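Reader: I would like to go through this model with you and ask, term by term, on what grounds each label is given. Could you set the values against the cut-offs as we go?

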Amino acid sequence: MAPRGNHSDGMTEFVLAGFPNLNSTGVELFSVFFLIYLLTLTGNVLILGAVGADQRLQTPMYFFLSNLSCLEILITSVIIPKMLSNFLSKQHTISFAACIAQFYFYFFLGASEFLLLAVMSVDRYLAICRPLHYPLLMSGAVCVRVALACWVGGLLPVLGPTVAVALLPFCRQGAVVQHFFCDSGPLLHLACTNTTKLEEADFALAFLVIVSSLAITAASYGRIVLAVLRIPSASGRQKAFSTCSSHLMVVTLFYGSAMFLYVRPSQSGSVDANWSVTVITTFVTPLLNPVIYALRNDRVKEALTDMFRKARAALSENSFLSESLRKKTVS
């Protein structure tokens, strides 16, 4: 007799399998991923602080970079803190509600990031290839509306698949999710019903978001490369290509890993291979983005230097005032 499935209403928790085939202890893994998380947060928070504090960075490019940093902070915070607690815990459980919430926010933020990367590539294309029209095309109001569209564009389409997954019947309590977080394929693999239709819907949505944004990004960078090739100065071409190649490296990693994971008709049969590729989108690109997009940028480095100088001056002034007040009080 087939096992009787428990509807999601009766499901209380899953068990996260974590990283397979690793001999490291929980403390060692905690140390490595905590460092990655700390560096990711630090880099992206520095970008947010610099863009917010320096008038020189009040441009469309840095506005979109600050949105990217927000997304990177949120998407890593959806995954890593729970994973870190599991490294130090003997029970790697996650509640059903937390699992579905993690599922939703991971895909919502990921979809928003794909849309934002496409917008950022169009912004660079307009800045380089349409410099005279750029201030009008990318005004402050336009930038806010476009960024909001990226967030909403990830927020709404993921609601349907999330509700569908939440309503699936799962075979038993404490089922093991073969991943370090609640990803789509491993969850569908645990369902006690045919998930073909849901996998096809997920594939269509992933194809629409990932491939369409990739096409826009590729077309924009293609136009940028053609424009750069027409620059008469060799040093100007080298500088432009250096910037573009760095951006393209991150874009290639992000899109390539996402297409491997999600742009295919069946996900539930690929559980064993998913975790290693997911590391790229979850840990590597959020760590690289602050370095590639901003911290290698001279204007951002100048803004950070000024921000630290002002902070140090403010601390010195506060220390001096406190010391003066103390002396007056003693007198």
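Reader: Why is Ala 227 called buried?

Author: This is a predicted model, and the value for Ala 227 is a relative accessible area of 15%; buried means under 20%, so Ala 227 is buried. The residue is found in helix H8, which covers residues 196-229.

Reader: Which residues is Ala 227 in contact with, leaving aside its neighbours within four places in sequence?

Author: Ala 227 is in contact with Ile 128 and Cys 129, where contact means heavy atoms within 4.5 Å. The C-alpha atoms of Ala 227 and Cys 129 are separated by 6.6 Å, although these residues are 98 residues apart along the chain. Cys 129 has a relative accessible area of 18%, which is under the 20% limit, so Cys 129 is buried as well.

Reader: What makes Leu 137 partly exposed?

Author: Leu 137, which lies in helix H4 (residues 134-137), has a relative accessible area of 40%. Buried would require under 20% and exposed over 50%, so a value in between is called partly exposed. Not counting residues up to four places away in sequence, Leu 137 touches Leu 126 and Val 142, and its C-alpha atom is 9.3 Å from that of Asp 123, a residue 14 places apart from it in sequence.

Reader: How do you know that Cys 99 and Cys 182 are joined by a disulfide?

Author: The distance from S to S is 2.0 Å, and a pair of cysteine sulfur atoms within 2.5 Å counts as a disulfide, so the pair of Cys 99 and Cys 182 meets the rule. By this rule the count comes to one disulfide. The link of Cys 99 and Cys 182 is left-handed, with -125° about the S-S bond.

Reader: Why does this pair tie together parts that are 83 residues apart in sequence?

Author: Cys 99 lies in helix H3 (residues 96-129), whereas Cys 182 lies in the loop between strand S3 (176-177) and helix H7 (184-190), so the pair ties together parts that are 83 residues apart in sequence. Both Cys 99 and Cys 182 are buried. Cys 150 is buried too, with a relative accessible area of 5%.

Reader: How many aromatic pairs does a search of the whole structure find, and why is the pair of Tyr 106 and Phe 181 called tilted?

Author: The search finds 16 aromatic pairs. In the pair of Tyr 106 and Phe 181 the ring centres are 4.6 Å apart and the planes stand at 55°; since stacked needs planes under 30 degrees apart and edge-to-face over 60, the pair is tilted. Tyr 106 lies in helix H3 and Phe 181 in the loop between S3 and H7, so this pair ties together parts that are 75 residues apart in sequence. Tyr 106 is buried at a relative accessible area of 6%, and Phe 181 counts as buried at 0%. Together with Phe 103, Phe 107 and Tyr 262, Tyr 106 and Phe 181 form one aromatic cluster.

Reader: What makes H3 largely enclosed by the rest of the structure?

Author: Of the 34 residues of H3, 26 are buried, so this helix is largely enclosed by the rest of the structure. Its span can be checked as well: at 1.5 Å a residue, H3 should span 50 Å, and its end C-alpha atoms are 50 Å apart, which agrees.

Reader: How do you know that the span of H2 agrees with what its 28 residues should give?

Author: At 1.5 Å a residue, H2 (residues 60-87) should span 40 Å, and its end C-alpha atoms are 40 Å apart, which agrees. H2 is mostly covered, with 21 of its 28 residues buried.

Reader: Why does Asn 86 count as buried?

Author: Asn 86, whose place is in helix H2, has a relative accessibility of 6%, and the limit for buried is under 20%, so Asn 86 counts as buried. Not counting residues up to four places away in sequence, Asn 86 touches Leu 16, Gln 91, His 92 and Thr 93.

Notes. Residues numbered from 1 in each chain as written. Predicted model: local features only at pLDDT ≥ 70, side-chain atom pairs only at ≥ 80, totals over all residues. Heavy atoms only, no water. Helix = DSSP H or I, 4+ residues; strand = E, 2+ residues; numbered from the N terminus. Expected span 1.5 Å × (residues − 1). Buried < 20%, exposed > 50% of the residue type's maximum accessible area, 1.4 Å probe, protein only. Phe/Tyr/Trp six-rings, centres within 6.5 Å; stacked < 30°, edge-to-face > 60°.
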